Amino acid sequence: MYTMEQAIIMKSKCLKVLFALSCLLLVSCGNNDDYQAVAESNNRLAFNVPSNFPPLAQDIEYNYPTEKGFELGRKLFYDGRLSADGTISCSFCHEQGYAFTHHGHDFSHGINDQVGTRNAPAVQNMAFQAEYFYDGASNSLEMLSIVPIHNPVEMAETLETIAVKLQVDKEYVRLFSLAFDGSGVTSGNILKALGQFMTMMVSSNSRYDRYVRNEPGGSLTAQELQGLGLFQAKCATCHKTDLFTDSAFRNNGLPPNPNLNDLGREVVTGFTTDRYKFKVPSLRNVEVTAPYMHDGRFGSLQSVLNFYAGGVLYSSTLDPVLNQNGTLGIPLSQEEKDAISAFLKTLTDTDYINNPLFYYQT
Amino acid sequence: MKFKLQHIVAAMAVATTLVSCNNDDDTTAVSGTGDAEIFFDNSVNGDDLLLNTSAYTNSNGESLKINRLNYIVSNFVLIAEDGTEVVYPKENSYFIINEGANSTTVHLEGMPAGNYTKVRFGLGVDQQRYLQGETAQQSFWDLAAASELTWTWSTGYKFINFEGTFTSPQTDGEKTFQVHQGSNTATDNYREITLTLPNTARVRTDETPSIHLIADANVILDGATKIRLFDALNTANTGAAIMGGQGLIDIANNTLSMFKVDHVHNGAGDHHEE
């Protein structure tokens, strides 16, 4: 019978032995000052909910970000060793300059140049989301990294193997120990470190944010304000709150690509009522996250708005919001599309996409 | 018998109590802690479960040759005669039953001495604990992965991994089947099961009861709801998979009657040890 308790008992015995040994060392080498690393601090980081944001959707206290946990998570995010052949890091498909999406790719290529079937989503404001991935394959910020790591066309690796690979790297051993109170390179700690890094990835300083918070630099032009009004009237049912998503799964009437026939949410739930439903994406930084839609079929915001204005396809799971009295989609004039487009560009947060905190030189 | 420090300490504590309080006339009360074990005897509709051996025919007329039966049991609670519930520390209360690896016994350590008449446990990982992340699960991931009980395309755990081959009266030839029971972000398929013991399980500092459960794998598909593998065949007609949708909800409800207590051994000896 396997029990974790037995493992923990063994671990605590080891720790006792280590403690005893370290006491001996302290006694015998009282002047030795190279154990400072052990005493390196690992303070909790400040996490502030922006005043215009809804409450957190994840309980971050279970894995609260610390200095060292965050730094370790960032290093892991940029490390190709998280993939089977060492070539694909998280940052390969999630590039900071494009709000952590894969610039210029409708689909990303993973190891051995295999190609996926969905467009890499932006990594931002993660702790404010209750569901992840276009189909809701995860609802836990700590567990979500499992999906791309294990996906055979993405990183094609396992957590257990990553732990084995990193255990031979002295720097990682040191960093895990600092981040997790003397604990080792384990599957759980890998997930936790990545979770801490992603918890801190908050994008909340766009020109729009400054506008709604009445902060300096927060002025919008007449066209942008017109776009904001139109957006609130026509788009905010789904792209709700200042996260610009309601985290729901909806079929927006996008004609299915027959080469993929991606069933969307049904893949996870197994219910045909979820067919062609995909998670409503946030529109933060949307200016830099092209191409658009779950399959990256649209290259511009103009194309997206054209689709909503005239391309919505009826099916039994089409969201009722997009089928008002037999009118499919969202009627929009060209002037209105231009205004909405102008407004959406005020959601670009250059602080976020240039923040050195989220970058790691590999 | 495994000698553990905590047993020795507990025994010494009891001995000290006996020596120092020889006027104590509360002769019926028991004190200290002991262990209990729960043996999951995997079977199929009254027969032994033999992996990769013979086929078992169910009431749907489908014959299943089983090559894997692994599952997660959790959140153990022993319930005493007076109704007192002793909850095994939740962070240590996740166990894997793996028929192929012959890992079929759960050891509960440090339970208060007493007479227990019921046992309750969960099948799978509860949503509350799952959302608390890996810390709360004591890095259970690696153990679960070693028994093919992790889900990676939808993050979480397979509560039951039940696989093999089958034949069906509705189709020719032998097909594979994969039944992966678990929760997803749409449905919570964790269930708790409470069983009444036919005789009292006595936990003492020097007595370890063994609760002998029969787990009937047949019930997974052939329980309150009859689930035909034929209906879950893929379009290529090569194999059946149940990994989502209504099937998981039906299986969760079927498994409520998957376990029965056959008997309880009391005494100092070891029982059913592998």
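This is a predicted model: local features need pLDDT of at least 70, side-chain atom pairs count only at pLDDT 80 or more; totals for chains, interfaces and linings use all residues.
Nine residue pairs between chain A and chain B are in polar contact, counting pairs with both residues at pLDDT 80 or more. On the side of chain A that touches chain B, the elements giving two or more residues are β1 (2-3), α1 (4-28), α4 (146-150), α5 (159-167), α7 (187-199) and α10 (266-269) of chain A. By class, this side of chain A has 16 nonpolar, 11 polar and six charged residues.

The size of an interface is often given as the accessible area lost when the parts come together. For chain A and chain B, the buried area is about 3200 Å², and carbon and sulfur atoms give 59% of this area. The contact draws on 33 residues from chain A and 41 residues from chain B.

Within chain A, helix α7(A) packs against helix α2 (residues 67-77), the axes being 7 Å apart and the angle about 100°. Angles of 65 to 115 degrees count as roughly perpendicular, so α2(A) is roughly perpendicular to α7(A). From α2(A) the contact takes G69(A), F70(A), L72(A), G73(A), R74(A), L76(A) and F77(A), and from α7(A) it takes I190(A), A193(A), L194(A), Q196(A) and F197(A). By class, the contact of α2(A) with α7(A) has eight nonpolar, three polar and one charged residues.

Helix α7(A) also packs with α5(A), at an angle of about 90° and with the axes 8 Å apart. This angle makes α5(A) roughly perpendicular to α7(A). Residues L159(A), E160(A), I162(A) and A163(A) of α5(A) make the contact with S187(A), I190(A) and L191(A) of α7(A). The classes represented in the contact of α5(A) with α7(A) are five nonpolar, one polar and one charged residues. I190(A) takes part in the contact with α2(A) and in that with α5(A). Both α5(A) and α7(A) are among the elements that give two or more residues to the side of chain A touching chain B.

A further helix pair in chain A is formed by α9 (residues 222-234) and α12 (residues 334-344), whose axes come within 7 Å and cross at roughly 100°. The two helices, α9(A) and α12(A), are therefore roughly perpendicular to each other. In α9(A), Q223(A), E224(A), Q226(A), G227(A), L228(A), L230(A), F231(A) and K234(A) meet E335(A), E336(A), D338(A), A339(A), I340(A), A342(A), F343(A) and L344(A) in α12(A). By class, the contact of α9(A) with α12(A) has eight nonpolar, three polar and five charged residues.

Most residues other than glycine have a negative phi, and most peptide bonds are trans. The peptide bond joining A290(A) and P291(A) is cis, with omega about 0°. N112(A), a residue other than glycine, has a positive phi near 55°.

Technical notes
Residues are numbered from 1 along each chain as its sequence is written. Chains are lettered from A and ligands numbered from 1 in the order in which they are written. Side-chain values use heavy atoms; hydrogens and water are left out. Contact means heavy atoms within 4.5 Å. Buried area is the accessible area (1.4 Å probe) that two parts lose on being put together, summed over both. A polar contact is a pair of N or O atoms within 3.5 Å; within protein, one must be able to donate a hydrogen and the other to accept it, and residues adjacent in sequence count only if both atoms are side-chain atoms. Helices (H or I, at least four residues) and strands (E, at least two) are DSSP runs, numbered from the N terminus. Ala, Val, Leu, Ile, Met, Phe, Trp, Tyr, Cys and Pro count as nonpolar, Asp, Glu, Lys and Arg as charged, and the others, Gly among them, as polar. Axes are lines fitted to C-alpha atoms, for helices over the stretch in contact, and angles run from 0 to 180 degrees between N-to-C directions. Angles under 35 degrees count as roughly parallel, over 145 as roughly antiparallel, 65 to 115 as roughly perpendicular and the rest as oblique.
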